[in-house]
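I opened this notebook to keep track of what I looked up about charged side chains. The entries follow the order in which I checked things.

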Amino acid sequence: MVRFVYVFLLTVLITFSGHAQSREIEISTNMGSMKFRLYDDTPKHRDAFIQLANEGYYDGTLFYRVIHDFLIQGGSKSSRNAPPGKRIGYGDPDKTVDDEILSHYCHKKGALCAPRQPDEVNPFKQSDISQFFIIEGSVYTEGALDTMELAVNRPIRNKIVQKYMTPEARDELKKLKEENKVEDFRKLAGEIKNKIETEYNLNPGLLEFTETQRKAYTTVGGYPELDGKYTIFGECISGFDVIDKIASLKTDENNRPYTDVKITVKVLN
């Protein structure tokens, strides 16, 4: 009986240990290697990426799209053995994965992400796991993040204010004020304000950086404009300097580095 319980507990521990964000991969290049931890709560992307990596799908492909202070993107099969100057980076429609966009992950430096087609042709935000991109980004100040929030939120608020503070509503408030009907004025003004605040606070388009996002973007850096738009399924745990080296390469008009950066992906555990 004791042995049975021991074996059972050991099996449970082994089973759960394999689902504790312990899957790690290595992306090796001629400019150095990077290691990444894959997230357990994005299982579709994790499993699809590992499967393709084990099949050697990414091996020999290039980091074909490189933009300094933004990202490095690679993995596309069209980049394998591509001659200099050729436009590459086409995705594979047979290797899409349902989105796993989670709000507790952000596009900090080293984030491993899945690209996708634009919303107009891909409304469900399905990822193209035949490719991947890694964030380099840059470091932001708190003030810069505040400005980004204002740039997004102020137009939303102004539109809602215009919706409820109509010319008719303004005229009515003006009339009540002129007639010195203080209570009626306060009541109507309060009703309008409550409607504005309620709709504004419930608006899904509002931008409000969390404490985690602010800490990431003001320390290691990243690219906050992408948050909520792409699936992040892992993060770099070593080799940040390699990201910088690749992101600093000179590129052509299509953002392809003049120096080929060849990729090999290995599943470590």
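These entries concern a predicted model, and they go from a surface patch to salt bridges.

Entry on the patch. I looked for gathered charge on the surface and found a patch of negative charge made of E168, D171, E172, E183 and D184. The elements that give two or more residues to this patch are helix 4, residues 167-178, and helix 5, residues 182-201. I noted that helix 4 gives the most, with 3 residues. I then looked up D184, which lies in helix 5 and counts as partly exposed because its relative accessibility is 41%, between the limits of 20% and 50%.

Entry on pairs. Side chains of opposite charge can pair when their charged atoms come close, and I found a count of 17 salt bridges in the model. One that I checked joins R46 and D40, with the closest N and O atoms 2.5 Å apart, and both R46 and D40 are buried.

Entry on helix 5 again. I found that E197 and R157 meet through their side chains in a salt bridge, at 2.3 Å from N to O. Because E197 lies in helix 5 and R157 in helix 3, residues 142-164, the pair ties together parts that are 40 residues apart in sequence. E197 is partly exposed at 24% relative accessible area, and R157 is partly exposed at 28%.

Last entry. I looked up K181 and E179, whose side chains form a salt bridge at 3.2 Å from N to O. K181 counts as partly exposed at 39% relative accessibility, as does E179 at 37%. I also noted that E142, D146, E149 and R214 are joined into one network by salt bridges that share partners.

Conventions:
Residues are numbered from 1 along each chain as its sequence is written. This is a predicted model: local features need pLDDT of at least 70, side-chain atom pairs count only at pLDDT 80 or more; totals for chains, interfaces and linings use all residues. Side-chain values use heavy atoms; hydrogens and water are left out. Patches are made of residues with over 30% relative accessible area and no salt bridge: like charges are joined within 9 Å, nonpolar side chains (Val, Leu, Ile, Met, Phe, Trp, Tyr) within 5 Å. Accessible areas come from the Shrake-Rupley method with a 1.4 Å probe; for residues, only the protein chains shown count as cover. A salt bridge is a side-chain nitrogen of Lys or Arg within 4 Å of a carboxyl oxygen of Asp or Glu. Lys and Arg count as positive and Asp and Glu as negative; His and the chain ends are not counted. The place of a charge is taken as NZ of Lys, CZ of Arg, CG of Asp or CD of Glu. Helices (H or I, at least four residues) and strands (E, at least two) are DSSP runs, numbered from the N terminus. Buried means under 20% relative accessible area, exposed over 50%, partly exposed in between (1.4 Å probe, protein chains only).
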